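Please look at the sequence and the structure shown below, and keep both in view while reading the report that follows.

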Amino acid sequence: MDVFEAISTRRAVKKFDPNHNLSSDEIKNLMEHVILSPTSYNQQNWRFVYVTDQDVKDKISVAARGQAQPKDGSVVIVLCGDLTAWKTDTLRYWKNHPKEKQDIVKAALERKYTTDPKAIRDEAIRSCGMAAQTIMLAARDMGLDSCPMVGFDYDKLAKIINLPETHLIVMMVVVGKKIEDAPPRGGQLPLSDVAFENSF
Ligand SMILES: Cc1cc2nc3c(=O)[nH]c(=O)nc-3n(C[C@H](O)[C@H](O)[C@H](O)COP(=O)(O)O)c2cc1C
């Protein structure tokens, strides 16, 4: 599918076919593309828990205050930030480049994050936001739809996915086969209200 078509046909779908499944190869192909999403310094600080088990999806729906998308979707992808990625074995992020480049990146990561937990958290949210959009556009290319979600009880979801203490849940994205169109768009702001040439 053409990228512009994927962008314009992506909607937050609420009703998915509960009988539709994705094969492990389809999920692998999706996730292999998702991890090509950009991250600052290529630190790849996202971690993804992809849930296909119906019992776990049911539990996630309960944690999502009864919303049906997780239990009916084919896969629920929980996007998490690893808050230690900036300092964990960082040379691997540039392993295809010369050692000098790897050392420069390591030093830059340490300079930026060592004393700034907010910057670490912001980076996790940015990275997961980028990856979420990749998931949703790739889903369109696969003939599927998606729903991005933050309407869930954080602690309950953390328990369900066994979230490590060093990680943050940013959001989840449900991917599946829609059985009902999303409601009409809420109402997009005019471009002139949100986009400004050269300065505000
Ligand atoms: C970060 C985020 C969280 C969202 N959480 C939920 C949610 O919990 N449940 C839901 O039904 N939709 C959720 N949505 C979908 C939005 O309501 C939807 O994207 C918005 O109304 C625009 O509609 P569209 O995506 O169909 O263009 C969320 C969207 C985003 C980006």
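Two residues are in contact when heavy atoms of theirs lie within 4.5 Å. This is a predicted model, in which local features need pLDDT of at least 70 and side-chain atom pairs count only at pLDDT 80 or more, while totals for chains, interfaces and linings use all residues. Residues are numbered from 1 along each chain as its sequence is written, and side-chain values use heavy atoms, with hydrogens and water left out.

**Helix H5**

Helices (H or I, at least four residues) and strands (E, at least two) are DSSP runs numbered from the N terminus. A residue is called buried under 20% relative accessible area, exposed over 50%, and partly exposed in between, with a 1.4 Å probe and protein chains only. In H5 the buried residues are Gln 102, Val 105, Ala 108, Leu 109 and Tyr 113. Seen down the axis of H5, these buried residues fall within an arc of 130° (taken from the directions from the helix axis to the C-beta atoms), so they line one face of the helix. The face turned away from the buried side carries the exposed residues Glu 100, Ile 104 and Arg 111, whereas the cover over the buried residues of H5 includes H6.

**The nonpolar cores**

A nonpolar core is a set of buried Ala, Val, Leu, Ile, Met, Phe, Trp, Tyr and Cys residues joined through side-chain atoms within 4.5 Å. The largest such core has 23 residues, and those with the most contacts inside it include Val 34, Phe 48 and Ile 77. Two or more residues each come from helix H2 (24–34), strand S1 (46–51), strand S2 (75–82), helix H6 (117–141) and strand S4 (167–176), with H6 giving the most, 7 residues. Another core, of 18 residues, lies apart from it, and among its members are Ala 64, Val 76, Cys 80 and Val 174.

**Around the ligand**

The table lists polar contacts, which are pairs of N or O atoms within 3.5 Å.

| Residue and atom | Ligand atom | Distance |
|---|---|---|
| Gln 67, polar side-chain atom | nitrogen | 2.8 Å |
| Gln 69, side-chain N or O | oxygen | 3.0 Å |
| Gly 151, backbone N or O | oxygen | 2.9 Å |

Technical notes: Polar contact = N/O pair within 3.5 Å; in protein donor to acceptor, adjacent residues only side chain to side chain.
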